[in-house]
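Here is a short report for a first look at this structure. Start with the sequence and the 3D view, then read on.

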Amino acid sequence: MLSLAPAAASDAVGTPTIWLLTIGAVIGLLVLDFLVTRRPHEVSMKEAVAWSAFYVAIPVGFGVWLWNAHGSQTGVEYYTGYLVEKSLSVDNLFVFMLLLTAFAVPKQYQQRVLLIGVAGAIVLRGIFIALGAQLIATFSWAFLLFGAILLATAVKVLRDAMSEADHEVDIASLRSVRLLRRFWPVTHDYRGTRMTVTEAGRRMLTPMALVVVAILGTDIVFAIDSVPAVYGITEDPYLVFATNAFALLGLRALYFVLQGALGSLKHLGHGLAAILAFIGVKLVLHWAHGVWTWVPEVPTLFSLGVILAILATATTTSLVAARREEERERVETPAG
């Protein structure tokens, strides 16, 4: 029978052996991706779909093993956390698209930029996960803090989703870019995947270095949102890391699959705001239950159902809105 609370730290799945095997597998998959992208090329839809299917099959299969080896509670927590992380990663792709467009990254170099961003995100989230686990183990109010962060993020995401203005990236306003340009000169064009070149005896950065730094900077912001979100599903640091890593590994291929489709998911931001707010409330209730036992907690299985319902609703309403807009444009456009 499923318990009503996330798994306690004492029931953690991650033994030293499992941690080592998982980290080794993640590093191996990253090396594989770097080998695949060593020769810059424009990614076809067939290639992107194949790699996306590969990176979805791995975490799904791993979840089956977890379910059989550690029980249904662990399995549900893992799949719920993975679903939350995958949803947030899709939202992150909007920012990646804006950055790649703003920096005018040639299509043949885009997957290398994305892969560097994914590798950086995994490292950063590993650090945040370790800090979060220590915070939870030491301070019970960490759940309240994480809940407040998610509720504030939900408000921001909802405001952005309701805004009619186009979201553009002003490169000159990025602190990381301003800092780099203050200390190093930058070339006016890309030099393959190289980040630095030497010209006239001076070491210069290329635009590739700037876009990589910008994406790594956004990775920090994403980690602040995503790590507390998964800690709202499970307290097991291993499950938090596994769901984050598996959701991020397929981001490079998913970017090219969803590049055209993301524009039609107009209500995705509304759905993600609802998910973040729901998990934020769940964390606050979990903290309150530790103080006042009469305060109810949200079961993990119920959380999975709510998240699936929100995603299904946001996707359906987005597709319906896109179809209505197409019909409206067809009616308003004069024939010939």
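What share of the residues in the chain is buried? Buried residues make up 46% of the 336 in the chain. Buried means under 20% relative accessible area with a 1.4 Å probe, counting protein chains only.

## Basis

This is a predicted model: local features need pLDDT of at least 70, side-chain atom pairs count only at pLDDT 80 or more, and totals for chains, interfaces and linings use all residues. Residues are numbered from 1 along each chain as its sequence is written, and side-chain values use heavy atoms, without hydrogens and water.

## Overall layout

The chain has eleven helices and two strands. Both are DSSP runs: helices are H or I of at least four residues, strands E of at least two. Along the sequence the pattern reads α-α-α-α-α-α-β-β-α-α-α-α-α.

Contact means heavy atoms within 4.5 Å. Of the contacts in the chain between residues at least 6 apart in sequence, 79% join residues at least 24 apart.

## Helices α5 and α10

Helix α5 spans residues 142–162, and helix α10 spans residues 268–291. Their axes, lines fitted to C-alpha atoms over the stretch in contact, come within 8 Å and cross at roughly 165 degrees. That makes α5 roughly antiparallel to α10 (angles over 145 degrees, on a scale from 0 to 180 between N-to-C directions).

## Helices α1 and α8

The axes of α1 (residues 16–36) and α8 (residues 237–249) come within 11 Å and cross at roughly 10 degrees. The two are therefore roughly parallel, a term for angles under 35 degrees. Residues of α1 including W19 and D33 meet residues of α8, among them Y238 and F241.

Key. Angles under 35 degrees count as roughly parallel, over 145 as roughly antiparallel, 65 to 115 as roughly perpendicular and the rest as oblique. Buried means under 20% relative accessible area, exposed over 50%, partly exposed in between (1.4 Å probe, protein chains only).
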